[in-house]
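Here is a friendly walk through one structure, written for reading alongside the model. Keep the viewer open and follow the headings in order.

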Amino acid sequence: MKNRLLTLLQENCKFTEKELAVMLDTTEDVIHAQIEEFEQQGIIAGYKALINWEKVPGADVNALIELKVTPKRDKGFDEIAQRVMSFEEVEGVYLMAGDYDLAVFVKGHSIQDIAMFVAKRLSPLESVLSASTHFILTKYKSNNVDLQNFTSDTDGRECVV
Amino acid sequence: MNYDRFLNSKITSTKPSGIRKFFDIANEMDNVISLSIGEPDFQTPWHIREQGINSLEMGKTWYTPNRGLSALCMEICRYFERRFGVSYRSDTDVLVTVGGSEAIDCALRCMVGEGDEVLIPQPSFVCYEPLTAMTGAAPVIIETKAENEFRLTPEEIEEKVTDKTKLLILPYPNNPTGGSMRKEDYEAIAPVIEKYDLMVLSDEIYAELSYGEQPPVSFASIKGMQERTIVVSGFSKAYAMTGWRLGYALGPKDILAQMIKLHQYAIMSAPTTAQYAAIEALRNGDSDIKHMREQYDMRRRLIVSSFNDMGLSCFEPRGAFYVFPCIKSTGMTSEEFATKLLMTKHVAVVPGNAFGESGEGFIRVSYSYSLNHIKEALDRIKAFITEIKDNANDRSGA
């Protein structure tokens with residue numbers, strides 16, 4: 001039941017407790033308590049609207065920055081990751097296996113903005129060895145949502161009997 | 001040129017399917033949200049598709065034996081044994097067809113003709129009545145009732161049976177009502193079938209989409225009924241394989257032998273690629289069915305509870321992916337309700353009378369859609385119902 005509840009909330013967090021209880025064949029009290037437990041455990045980390053900013057006029061620019069860094073003795077990558085994630089331009093930080101160490105997603109008002117952020121604030125950090133910036137041109141799918149409506153608006157089923 | 005003289009009056013006098021009309025209107029409109037489609041929204045599981053692709057890469061592009069690939073016939077028999085506890089011989093009792101529809105047509109044409117009567121419970125899928133009429137036999141309609149959850153009772157059979165009655169069609173789990181015959185319901189009608197010496201065409205295409213504690217039951221598993229039953233089933237609904245066009249019939253070898261003869265002349269053999277994919281489905285597809293059934297089940301609960309909350313009474317369907325709420329409380333006919341809902345709220349459902357006169361006063365709502373899609377549609381239907389009630393109150397107040 002727990003995983004199915006999480007999957008349902010991930011699909012649409014606006015389902016009411018009653019609807020969730022009906023779908024999972026249990027009571028609203030059980031659902032309420034379970035959600036509260038998930039929240040306390042940090043398994044449900046938040047409820048936010050998925051906004052397709054590309055449709056908003058004057059929207060921000062997004063980039064993926066590949067950072068190579070030197071890990072610190074005892075602290076590994078945690079210290080530099082914490083430093084990087086504290087910038088308000090930074091929306092996501094992931095430790096990666098492969099050619100670089102940290103994948104950093106940033107948001108800025110313009111390409112210039114992001115370029116200045118990388119040059120003036122990110123690159124000068126002591127542990128950073130190199131930064132390679134990739135600007136995002138179009139988001140096709142994000143958070144499991146088809147942002148271009150390639151699939152969601154078209155039902156391929158056409159048969160009539 | 002006037003072609004009337006060249007057309008068979010049996011086909012020209014057949015009414016087109018009542019479902020069609022609503023699709024045609026809905027297709028012209030913007031922002032329409034449909035709950036009218038009668039096929040799974042899932043795509044065929046990848047491992048099954050892969051075996052179809054694999055067979056093409058291996059160059060398996062010829063006809064198969066008329067009755068179907070022997071490996072597939074064997075898998076069908078194994079499946080039927082493990083799922084329903086009924087044994088069939090794969091070399092004589094199985095026919096692989098182009099969807100369940102071909103199996104229904106083939107069985108009817110092999111068993112009935114001029115002077116015979118066929119009992120057809122309604123509401124039910126739109127094909128039985130015209131396909132029966134096409135053979136020259138007379139369709140005799142049994143109107144099942146909402147208070148019985150649209151199950152068939154022995155009394156209802158006895159009311160309509162005559163000395164011309166040869167065949168009874170059992171359309172369960174039922175499209176459009178979602179009604180299902182439990183083991184005890186089947187056992188109750190078996191003595192009547194024996195008494196009047198009837199054969200049964202049991203369309204069990206939705207059997208895998210059965211919900212609740214009780215496992216699905218095949219009519220052939222009822223004591224003494226296997227020898228009187230042609231079971232029709234297929235891959236479309238259970239494995240989301242509608243486009244592959246693959247079904248099958250199981251039954252006594254003397255009847256199957258005639259069906260194979262007709263199938264051989266009319267069809268030759270079912271699609272080869274689909275047959276290879278179907279072998280994979282039967283061997284390794286149980287977990288896919290379980291996953292899809294769980295998804296349908298959640299939607300079913302949501303939709304039934306929502307309709308009842310709206311005041312459109314709706315019994316809990318135990319099978320298929322349809323609910324059949326009663327709309328009589330709105331004072332509208334099924335067609336009026338469906339048309340008005342489509343025009344004002346852009347939600348497409350199918351009027352219940354498209355499945356027989358006894359479906360009047362109901363609408364068929366398919367839950368073969370994503371939860372978000374269903375939630376949006378339900379919100380619109382709820383707004384529609386609220387407006388109707390407010391209007392009625394205004395009128396009675398004035």
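## Reading the helix angles

Axes here are lines fitted to C-alpha atoms, for helices over the stretch in contact, and angles run from 0 to 180 degrees between N-to-C directions. Helices (H or I, at least four residues) and strands (E, at least two) are DSSP runs, numbered from the N terminus. With that in hand, look at chain B: the axes of helix α5 (residues 99-111) and helix α9 (residues 253-266) come within 9 Å and cross at roughly 115°. That makes α5(B) roughly perpendicular to α9(B) (angles under 35 degrees count as roughly parallel, over 145 as roughly antiparallel, 65 to 115 as roughly perpendicular and the rest as oblique).

This is a predicted model, in which local features need pLDDT of at least 70, side-chain atom pairs count only at pLDDT 80 or more, and totals for chains, interfaces and linings use all residues. Residues are numbered from 1 along each chain as its sequence is written, while chains are lettered from A and ligands numbered from 1 in the order in which they are written.

## Helix α5 of chain B and its partners

α5(B) passes α9(B) in a right-handed crossing; a crossing is left-handed if the near helix is turned anticlockwise from the far one by less than a right angle, and right-handed if clockwise. On the α5(B) side the contact uses B:Cys106, B:Ala107, B:Arg109, B:Cys110 and B:Met111, and on the α9(B) side B:Ile255, B:Gln258, B:Met259, B:Leu262 and B:His263. Two residues are in contact if their C-beta atoms, placed from the backbone, lie within 7 Å. Sorted by class, this contact has seven nonpolar, two polar and one charged residues (Ala, Val, Leu, Ile, Met, Phe, Trp, Tyr, Cys and Pro count as nonpolar, Asp, Glu, Lys and Arg as charged, and the others, Gly among them, as polar).

α5(B) also packs with α6(B), at an angle of about 35° and with the axes 9 Å apart. This crossing is right-handed. Here B:Ile104, B:Asp105, B:Leu108 and B:Arg109 of α5(B) meet B:Leu131, B:Thr132 and B:Thr135 of α6(B). The residues of this contact divide into three nonpolar, two polar and two charged.

## Helices α3 and α10 of chain B

Another pair to find in chain B is helix α3 (residues 46-57) with helix α10 (residues 272-284): their axes come within 8 Å and cross at roughly 145°. The crossing of α3(B) and α10(B) is right-handed. Residues of α3(B) in this contact include B:His47, B:Arg49 and B:Gln51, and those of α10(B) include B:Tyr276, B:Glu280 and B:Asn284. By class there are six nonpolar, six polar and two charged residues.

## Where the chains meet

How many residues of chain B are in contact with chain A? There are 15, and they touch 10 residues of chain A. In chain B, α2 (19-28), α11 (286-310) and α13 (371-397) each supply at least two residues of the side that touches chain A. The largest share, four residues, comes from α11(B). That side of chain B divides into seven nonpolar, four polar and four charged residues.

## Loops worth a click

Is B:Ile205 buried or exposed? B:Ile205 is buried, with 25 other C-beta atoms within 10 Å (buried means 20 or more such atoms, exposed 12 or fewer, and partly exposed in between, with C-beta atoms placed from the backbone). B:Ile205 sits in the loop between β6 (199-203) and β7 (229-234) of chain B. Leaving out residues up to four places away in sequence, B:Ile205 touches B:Gly100, B:Val232, B:Ser233, B:Gly234, B:Ser236 and B:Lys237.

A:Asp25 counts as exposed, with 10 C-beta neighbours inside 10 Å, and B:Asn31 is exposed with 7. Chain B also has cis peptide bonds, including one between B:Gln122 and B:Pro123 with omega about 5° and one between B:Asn175 and B:Pro176 with omega about 25°.

## Confidence

The model scores ipTM 0.78 and pTM 0.88. Chain B averages a pLDDT of 95, with 99% of the residues scoring at least 70; pLDDT is the predictor's confidence in each residue, from 0 to 100. For chain A the mean pLDDT is 91, and 96% of its residues reach 70 or more.
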